[in-house]
Amino acid sequence: MSGTDVVRRLNTQAVLDAVLDAGACSGADLMARTGLSRPTVHAVCDDLIGRGWLVEPPRGDAGPGRPGRPARRYAPRPGAGSVLAVDMGATSVRAVVADLSGAPVGEAGAAFAHPHVGAAERLDLTRATCARALDAAGAAGGRVLGTVLGIPAPVDADGRASADEAYLPGLAALDLPAALAPVVGRARVENDANLAVVGERWRGVARGVDDVVLVLAGERLGAGVCLGGRVVRGHRGGVGEMGFLDLVDGVGGTAAIGSLARRWGSAELGRTVRAEQVVAAAGAGDETARGVVDAVARRIARALAVLATLLDPEMLVVGGAVAAAGEVLLAPLRREVAGLTERPVRLSASVLADRGVVLGAVRTALDEVRPRLLDLQPA
């Protein structure tokens with residue numbers, strides 16, 4: 001490839017990325033976003049329209065008091081291609097089909113019979129859920145160009161999972177990409193907490209933060225660690241695993257906010273309750289429930305303090321469905337963490353709730369697919 005060809009490709013990729021990020025935009029918008037000249041922008045857009053990646057919406061009239069025709073505008077072509085994001089958690093699975101700008105065009109979800117179902121049953125429901133999401137996307141989804149699957153287990157750089165047999169029986173022995181291939185094509189497998197921190201930096205409270213640790217705190221504690229703007233995995237993908245908490249006084253394990261609130265709340269209230277019921281009761285002023293939340297906060301704060309001291313992030317984010325508890329949970333957590341750490345750290349609840357993993361999977365799939373678009377054919 002000649003130098004001229006390299007420059008042309010770089011310019012084309014820059015314009016395509018800008019349109020996908022911004023949606024419909026004018027030539028002037030693209031000049032500002034890419035730094036390219038007007039003739040180059042329009043020539044590149046014409047090329048991308050010819051390739052099938054962009055469309056030019058009708059311009060219509062300039063409007064009252066504005067002579068001539070309005071400026072040309074460019075937009076992603078609907079259905080040109082999509083990505084599939086899958087969050088195969090311990091208790092449920094969610095699949096989202098997103099277009100190349102990241103907007104969802106089809107979605108489906110389902111719950112497993114119980115958190116420790118066998119691998120075969122887990123895979124069957126995951127395949128079926130992916131198929132339903134693809135059906136929901138229909139023509140809007142176009143051709144799926146990339147798939148990312150998040151799982152609650154360490155994943156190494158080659159995509160091999162080392163799932164705890166007692167937690168996710170049979171999963172570690174599977175070739176997950178091959179098992180899902182008949183439905184989704186070849187999938188990239190990632191740890192769910194690593195995806196969640198990507199999602200939080202893309203669409204959540206950690207936008208613009210390069211040093212952030214996100215803690216998934218539903219059933220078992222796990223962390224996604226991003227330092228210097230890069231997700232840190234480790235040799236076997238175990239950086240965010242929290243097994244070391246077995247050795248931390250006052251913690252003694254990886255049980256997270258959801259499981260602790262459910263267990264301790266049921267014991268204290270004398271009936272079986274869900275974690276969200278305990279938190280809601282605490283927010284409404286129930287003293288027993290408030291005592292349970294405070295006890296959970298004291299235990300989880302010790303885990304957060306260890307992460308803050310060891311990794312020195314700018315921000316700690318509590319993610320997963322429990323994040324919806326907001327200040328009922330965050331206020332005691334902040335108080336407890338502040339009393340255990342010497343350096344201040346921002347502690348926030350995810351605004352993505354239980355969608356952080358799947359959004360991170362969308363973003364990861366887009367980052368993998370977009371640089372290859374110019375070598376692919378749109379649907």
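Before the details, some ground rules. The model is predicted, so to speak of local features we need pLDDT of at least 70, side-chain atom pairs count only at pLDDT 80 or more, and totals for chains, interfaces and linings use all residues. Residues are numbered from 1 along each chain as its sequence is written, and side-chain values use heavy atoms, with hydrogens and water left out.

Let me start with the sheet. Helices (H or I, at least four residues) and strands (E, at least two) are DSSP runs, numbered from the N terminus. Two strands pair if DSSP finds at least two bridges between them. In general, strands of a sheet pair through backbone hydrogen bonds, either parallel or antiparallel.

Here we have an open sheet of 5 strands in the order β6-β5-β4-β7-β8, with mixed pairing. β6 and β8 stand at the edges with a single partner strand each, so one side of each has no neighbour in the sheet. On average, and ignoring direction, neighbouring strands are turned by 15 degrees against each other. For angles, axes are lines fitted to C-alpha atoms, for helices over the stretch in contact, and the angles run from 0 to 180 degrees between N-to-C directions.

Now the pairs. Strand β5, residues 92-99, pairs with β6 in the antiparallel sense over 7 bridges. V96 has E107 in β6 as its bridge partner. Helix α11 packs on this sheet, touching β4, β5, β7 and β8, and its direction makes about 145 degrees with that of β4. Contact, by the way, means heavy atoms within 4.5 Å.

Strand β4, residues 82-88, runs parallel to β7, and 6 bridges join the two.

Is β7 mostly covered or mostly open? Of its 8 residues, numbered 144-151, 7 are buried. Buried means under 20% relative accessible area, exposed means over 50%, and partly exposed is in between, with a 1.4 Å probe and protein chains only.

β7, helix α5 (residues 176-184) and β8 make a right-handed β-α-β unit. Right-handed means that, with the strands pointing away from the viewer, the path from the first strand over the helix to the second runs clockwise.

Next, two single residues. N191 lies in strand β8 and counts as buried because its relative accessibility is 5%. A polar contact is a pair of N or O atoms within 3.5 Å; within protein, one must be able to donate a hydrogen and the other to accept it, and residues adjacent in sequence count only if both atoms are side-chain atoms. The side chain of N191 reaches the backbone oxygen of A153 at 2.9 Å. A polar atom of that N191 side chain also lies 3.0 Å from the backbone nitrogen of A193. Leaving aside neighbours within four places in sequence, N191 is in contact with residues including I151, P154 and E241.

T129 sits in helix α4, residues 119-137. T129 is buried, at 1% relative accessible area. Its side chain reaches the backbone oxygen of L125 at 2.7 Å. Beyond four places in sequence, T129 touches V93, A95, A108, G109 and A110.

Last, charges. A salt bridge is a side-chain nitrogen of Lys or Arg within 4 Å of a carboxyl oxygen of Asp or Glu. How many salt bridges does a search of the whole structure find? There are 23.

One of them joins the side chains of E107 and R355, at 2.7 Å from N to O. This pair links distant parts of the chain, 248 residues apart: E107 is in strand β6, while R355 is in the loop between β13 and α11. E107 is partly exposed at 35%, and R355 is partly exposed at 24%. E107 and R355 also belong to a network of salt bridges with R94 and D354.

E190 forms a salt bridge with R188, with the closest N and O atoms 2.7 Å apart. E190 counts as buried at 7%, whereas R188 is partly exposed at 28%.

Finally, R335 forms a salt bridge with D294, with closest N and O atoms 3.8 Å apart. R335 is in helix α10 and D294 in helix α9, so the pair ties together parts 41 residues apart in sequence.
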